[in-house]
Amino acid sequence: MDSASGGAGLPDPNVSDGEGPSSASRSAAPAVTVEPPSASPAPPSRYESQKRRDWNTFLQYLKNHKPPLTLARCSGAHVIEFLKYLDQFGKTKVHATGCPYFGHPNPPAPCACPLKQAWGSLDALIGRLRAAYEENGGRPESNPFGARAVRIYLREVREGQAKARGIPYEKKKRKRSTVTTTAVVGNVSVASAQGVGGDGDGGGGVDAGGSSNTAAAAAAATSTAV
């Protein structure tokens, strides 16, 4: 009896006494939010990467110049010096005037003529440096890469390499549109068919009228095409 009453007085370990964490307190705990990883920036394009390398190369050239040059003092003449400096790294054979293969597009044997930068490579390089100059705070009106002397030099390089290599650099001619002329001629054909196949009651009068209309439309088409 005593043991039973004593046993009844012991707390049941399976029954919560209110001091432990309840379901209400657990539900009130702040929720942990997991933020998605931030999207990494897109890698620069091939053009942008090449432009940055070209710009760094030019800045290094100015630094090593004797005497050293600053970007603010750089002129078109310095840009031309830079282009000539790059010729030592060129891979294009440019025949000299006295070379037997001068003007030969496919020389049958090697020669001692120097390798230079191709005109197309120099032209593309100037375009990238011209854009990089303005992107780095330079003013368009003082851009040395857009100087007239640089344009003249590039033109001389193009013409000289065209003669030496026997490969002319020709601009692609735009094809003239013939859509308008074709449409007008098509309308003339329809008008001619309608004139010949007119109402039979008109007899020769209808045919004559159709022929005159066709001739007038053909004349209009010719003047439009010209």
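**Close-up views of a predicted model**

View 1. Helix α6, spanning residues 148-165, contributes the largest share of the patch, with three residues.

View 2. Arg151 lies in helix α6. Is this residue partly exposed or buried? Arg151 counts as partly exposed because its relative accessibility is 46%, and the partly exposed class runs between the buried limit of under 20% and the exposed limit of over 50%.

**View 3. The largest nonpolar core holds 23 residues.** The members that touch the most other members are Phe58, Phe82, Leu83, Ile126, Leu129, Phe145 and Leu154. Helices α3 (46-64), α4 (76-86), α5 (119-135) and α6 each provide at least two residues of this core. Which helix gives the most to this core? That is α5, with seven residues. As background, nonpolar side chains in soluble globular proteins tend to be buried together.

**View 4. Gln50 sits in helix α3.** With a relative accessible area of 27%, Gln50 is partly exposed. How far apart are Gln50 and Arg128 in sequence and in space? In sequence, 78 residues separate Gln50 from Arg128, while in space the two are 8.2 Å apart, taken from C-alpha to C-alpha.

Technical notes:
Residues are numbered from 1 along each chain as its sequence is written. This is a predicted model: local features need pLDDT of at least 70, side-chain atom pairs count only at pLDDT 80 or more; totals for chains, interfaces and linings use all residues. Side-chain values use heavy atoms; hydrogens and water are left out. Helices (H or I, at least four residues) and strands (E, at least two) are DSSP runs, numbered from the N terminus. Buried means under 20% relative accessible area, exposed over 50%, partly exposed in between (1.4 Å probe, protein chains only). A nonpolar core is a set of buried Ala, Val, Leu, Ile, Met, Phe, Trp, Tyr and Cys residues joined through side-chain atoms within 4.5 Å.
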